[in-house]
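This report examines strand pairing and charged side-chain contacts. The sequence and the structure are shown first.

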Amino acid sequence: LDAYVDGRKVDRLTRGEIGVYVRLASGSHRYQLRRAGRVRYSGTFVLPSAKARTLVVSGTTWKLNDQVRIVKDRSTRPFGVGSLRIAHRSPDGPALDVWAQAAGSSRLVRIVRGASYPRDADVLLAAGRYTLRVRRPGSSRTLLTVRNVVLAAGDLRTVWLLGSFDRRPRELAFSAATSTEVLPAAWDQAW
């Protein structure tokens, strides 16, 4: 997909990829996602002053259940902690629990209960390095392990749960990717 904002191409996205953040003036903006030159998705969003937003496309084109959403990025930067967003983007995936284990600790703590497609769950964690384990609710079997998730104080990081549980097509098997939100230059002055 080619991503356009206000008529300008800003990125080319492939399956499971996380694109770039684009600096925009506050106000109303139009986005388009094009495949082979044809508009596949389009819409508008309003960007408040000194705020960040994420355009999320999720789903599977072969099942025609894609979704496009604009999600608000966290608007607070707590002292000594990082913010972690778990974004469930596996359309055929069950509700999921996410457990965190801090580096050097043997303790596993459930930080998200029953995350379901296409919802996000936001949690605050002390700054540090974590291993995340994704499980079905009530199960001790880990479906997916996400290692080396590093949160610095004030970080805004997203763990994207992507792909298909039924593994069709194979290259879209259930997986995870992480991204760190890039905040507007005026962010610190705004708060």
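The side chains of Arg85 and Asp120 form a salt bridge, with an N to O distance of 3.8 Å. This pair links distant parts of the chain, since Arg85 belongs to strand 7 and Asp120 to strand 10, 35 residues apart. The model is predicted, and side-chain atom pairs count only at pLDDT 80 or more.

Asp120 has a relative accessible area of 25% and is partly exposed.

Arg89 is buried, with a relative accessible area of 4%.

In general, side chains of opposite charge can pair when their charged atoms come close. The structure as a whole holds 6 salt bridges.

## The sheet around strands 7 and 10

Strand 7 (residues 81-88) pairs with strand 10 in the antiparallel sense, over 7 bridges. Within this pairing, Ile86 has Ala121 of strand 10 as its bridge partner.

Both strands belong to an open sheet of 4 strands, in the order 10-7-13-14 and with mixed pairing. Its edge strands, each of which pairs on one side only, are strand 10 (120-126) and strand 14 (175-180). From one strand to the next, the twist averages 20 degrees.

## Strand 1 and its neighbours

Strand 1 (residues 2-5) is covered on both faces: Asp2 and Tyr4 are buried on one side, and Ala3 and Val5 are buried on the other. How many bridges connect strand 1 to strand 3 (residues 27-35)? There are 4, and the two strands pair in the antiparallel sense. Ala3 stands opposite Leu33 in strand 3.

Strand 1 is likewise joined by 4 bridges to strand 2 (residues 8-12), and these strands run antiparallel. The two form a hairpin with 2 residues between them. In the turn, Asp6 has a positive phi of about 50 degrees.

## A salt bridge across the hairpin

Asp2 stands opposite Arg12 in strand 2. These residues also form a salt bridge, in which the closest N and O atoms are 3.5 Å apart. Because Asp2 lies in strand 1 and Arg12 in strand 2, the pair ties together parts that are 10 residues apart in sequence.

Terms used:
Residues are numbered from 1 along each chain as its sequence is written. This is a predicted model: local features need pLDDT of at least 70, side-chain atom pairs count only at pLDDT 80 or more; totals for chains, interfaces and linings use all residues. Side-chain values use heavy atoms; hydrogens and water are left out. Two strands pair if DSSP finds at least two bridges between them. Axes are lines fitted to C-alpha atoms, for helices over the stretch in contact, and angles run from 0 to 180 degrees between N-to-C directions. Buried means under 20% relative accessible area, exposed over 50%, partly exposed in between (1.4 Å probe, protein chains only). A salt bridge is a side-chain nitrogen of Lys or Arg within 4 Å of a carboxyl oxygen of Asp or Glu.
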